[in-house]
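Let us walk through this model step by step.

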Amino acid sequence: MYKQSMNVAKGVGLGLLTGGLVAAIGTKAMSGSHKKAAHMKKNASRAIHTVGNIIGDMEKMLK
């Protein structure tokens with residue numbers, strides 16, 4: 001059970017890293033339009049917050 005939870009944690013970590021990289025590239029690509037860039041940052045922030053909540057819930061379930 002411990003190994004499975006560690007594999008899940010590694011997968012989530014890799015997903016967060018990939019998401020951050022995509023967000024950084026997207027922000028760089030959208031730098032020409034301030035309105036679009038601000039909207040994208042807001043959406044990325046919401047997505048990161050949601051993933052954090054999901055990870056917190058998973059931790060509670062594993063305890």
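A residue counts as buried when its relative accessible area is under 20%, as exposed when that area is over 50%, and as partly exposed in between. Keep these cut-offs at hand. The model is a predicted one.

By that definition, buried residues make up 5% of the chain, which has 63 residues. The surface of the protein chain comes to about 5400 Å².

Now the fold. The chain has two helices and zero strands. Helix α1 covers 2-29, and helix α2 covers 34-62.

Take two residues of α1 next. Gly-26 sits in this helix. Is Gly-26 buried or exposed? Its relative accessible area is 13%, so Gly-26 is buried, because the cut-off for that class is under 20%. Ala-24 also belongs to helix α1. With a relative accessible area of 46%, Ala-24 is partly exposed.

Gly-26 and Ala-44 are 18 residues apart along the chain, and their C-alpha atoms are separated by 9.9 Å. For Ala-24 and Ala-44, the separation is 20 residues in sequence and 9.7 Å in space, again C-alpha to C-alpha.

Turn to the largest pocket. How much space lies in it? The answer is about 300 Å³. The pocket is lined by 13 residues, and the closest to its centre are Ser-5, Val-8, Ala-9, Met-58 and Leu-62. Two elements, α1 and α2, each give two or more residues to this lining. Which element gives the most? Helix α1 does, with seven residues.

Sorted by class, the lining has nine nonpolar residues, three polar residues and one charged residue. Among the residues closest to the centre, Val-8, Ala-9, Met-58 and Leu-62 are of types that count as nonpolar. Ser-5, also in that central group, is of a type that counts as polar.

How values were computed:
Residues are numbered from 1 along each chain as its sequence is written. This is a predicted model: local features need pLDDT of at least 70, side-chain atom pairs count only at pLDDT 80 or more; totals for chains, interfaces and linings use all residues. Side-chain values use heavy atoms; hydrogens and water are left out. On a 1 Å grid over the protein atoms alone, a cavity is a set of points where a 1.4 Å probe fits but cannot get out, and a pocket is an open set with protein on both sides within 12 Å along at least five of seven lines; lining residues have an atom within 4 Å of a point. Grid points are joined across faces, edges and corners, and a volume is the space filled by probe spheres set on the points. Helices (H or I, at least four residues) and strands (E, at least two) are DSSP runs, numbered from the N terminus. Buried means under 20% relative accessible area, exposed over 50%, partly exposed in between (1.4 Å probe, protein chains only). Accessible areas come from the Shrake-Rupley method with a 1.4 Å probe; for residues, only the protein chains shown count as cover.
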